[in-house]
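The sequence and the structure are shown first.

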Amino acid sequence: MVLAEVGVAEAPPFRLDNEQLAFRFTATLSDRSGTPVDRLPTPRRLDDWLAANDLSLGSAHATEADLNLARRLREAIHRTGTATTTDTTPDRADLDLINTLARDSRTFPELDKTRLRWRTRSRHPVRAALGLIAQDAIIALGGHQRGQVKACEHADCGGLYLDTSRGQNRRWCSMNTCGNRAKKAKFRHQSVAKTPI
Ligand SMILES: [Zn+2]
């Protein structure tokens, strides 16, 4: 088992059901407003996350420095996205980091038979992959769907998502996690209310 080899058999699983790549990445730190869980505890898990999202751009493995950069990018995207949802001005340093990584990534798509593959001219494939996430963040936060960026309503979460529902009334980053937690809490509340004293 791959995880056991690096001594992190207990590494928390990824949450890969957010439709937007950049927000799927910010979800690697979950329960931000409760007890945060970092789902990228090691460079190896960053490699795993990139592979799980078809962003492996070479054979190089992530280093501690790459992981630190990934976490900085993750928080920069999350802060900028949260600023978007509250109509406040994003931090200049966060924008600079996102824009710099996006620019330096030197990536391009290639059609391999019937599949999209990302390629890069950068000598740092892991940083190039982070640059692709930064590019996705720029499009999500600054493109035509920027008004649909929302923060999850679950008290512990604070995760970002793009609300593409017809009625613009989606409340949770994911029905599988926060939507379900809210449903269960409501059910528990109703059960308690119905219990005769
Ligand atoms: Zn959530």
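## Salt bridges

R32, D38, R71, R74 and E75 are joined in a network of salt bridges, a salt bridge being a side-chain nitrogen of Lys or Arg within 4 Å of a carboxyl oxygen of Asp or Glu. Within this predicted model, local features need pLDDT of at least 70 and side-chain atom pairs count only at pLDDT 80 or more, whereas totals for chains, interfaces and linings use all residues. Residues are numbered from 1 along each chain as its sequence is written, and side-chain values use heavy atoms, with hydrogens and water left out. By the rule above, the salt bridges number 15.

One of them pairs R32 with E75, whose closest N and O atoms are 2.6 Å apart. This pair links distant parts of the chain, since R32 sits in the loop between β1 (29-30) and β2 (37-38) and E75 in helix α4, 43 residues apart. Helices (H or I, at least four residues) and strands (E, at least two) are DSSP runs, numbered from the N terminus. R32 has a relative accessible area of 17% and is therefore buried; buried means under 20% relative accessible area, exposed over 50%, and partly exposed in between, with a 1.4 Å probe and protein chains only.

R92 and D96 form a salt bridge with closest N and O atoms 3.4 Å apart; both belong to helix α5 and are 4 residues apart, about one turn of the helix. R92 counts as exposed at 53% relative accessibility, while D96 is partly exposed at 36%. The side chains of R103 and D104 also meet in a salt bridge, at 3.5 Å from N to O. Here R103 is exposed, with a relative accessible area of 58%, and D104 is partly exposed, at 43%.

D94 lies in helix α5 and is buried, with a relative accessible area of 7%. Its side chain makes a polar contact with the side chain of R79 at 2.8 Å. A polar contact is a pair of N or O atoms within 3.5 Å; within protein, one must be able to donate a hydrogen and the other to accept it, and residues adjacent in sequence count only if both atoms are side-chain atoms. Apart from neighbours within four places in sequence, D94 is in contact (heavy atoms within 4.5 Å) with A76, R79 and T80.

E110 is found in strand β3 (residues 107-112) and counts as partly exposed at 34% relative accessibility. The side chain of E110 makes a polar contact with that of R119 at 3.0 Å. With neighbours within four places in sequence set aside, E110 is in contact with R115, L116, R117 and R119.

## Zinc site

The SG atoms of C152, C157, C173 and C178 coordinate the zinc ion at 2.3 to 2.4 Å. Donors are N, O and S atoms within 2.8 Å of the metal (3.2 Å for Na, K and Ca), and sites may look incomplete because water is not among the atoms. The 4 donor atoms subtend angles of 106 to 118 degrees around the zinc ion, so the arrangement is tetrahedral; four donors count as such if all angles lie between 85 and 135 degrees.

The donor residues are spaced C-x4-C-x15-C-x4-C in sequence. C157 lies in the loop between β5 (149-151) and β6 (160-162) and C173 in the loop between β6 and α7 (175-194), so this pair ties together parts that are 16 residues apart in sequence. Both C157 and C173 are buried.

## Nonpolar cores

The largest nonpolar core has 35 residues, and F25, W49, L73 and I133 have the most contacts inside it. Such a core is a set of buried Ala, Val, Leu, Ile, Met, Phe, Trp, Tyr and Cys residues joined through side-chain atoms within 4.5 Å. At least two of its residues come from each of α2 (21-26), α3 (43-52), α4 (64-85), α5 (92-104), α6 (125-142) and β6. Helix α6 gives the most, with 10 residues.

Residues up to four places away in sequence not being counted, F25 touches L40, W49, A70, L73, R74, I77, L130 and I133. A second, separate core of 7 residues includes C152, W172, C178 and A182.

## Overall architecture

The protein has 7 helices and 6 strands, which follow the pattern α-α-β-β-α-α-α-β-β-α-β-β-α along the sequence. Its C-alpha trace spans about 70 × 45 × 35 Å along the principal axes. Of its 197 residues, 43% count as buried.

Terms used. Four donors count as tetrahedral if all angles lie between 85 and 135 degrees; four count as square planar and six as octahedral if opposite donors are over 155 degrees apart and all others between 65 and 115; anything else is irregular.
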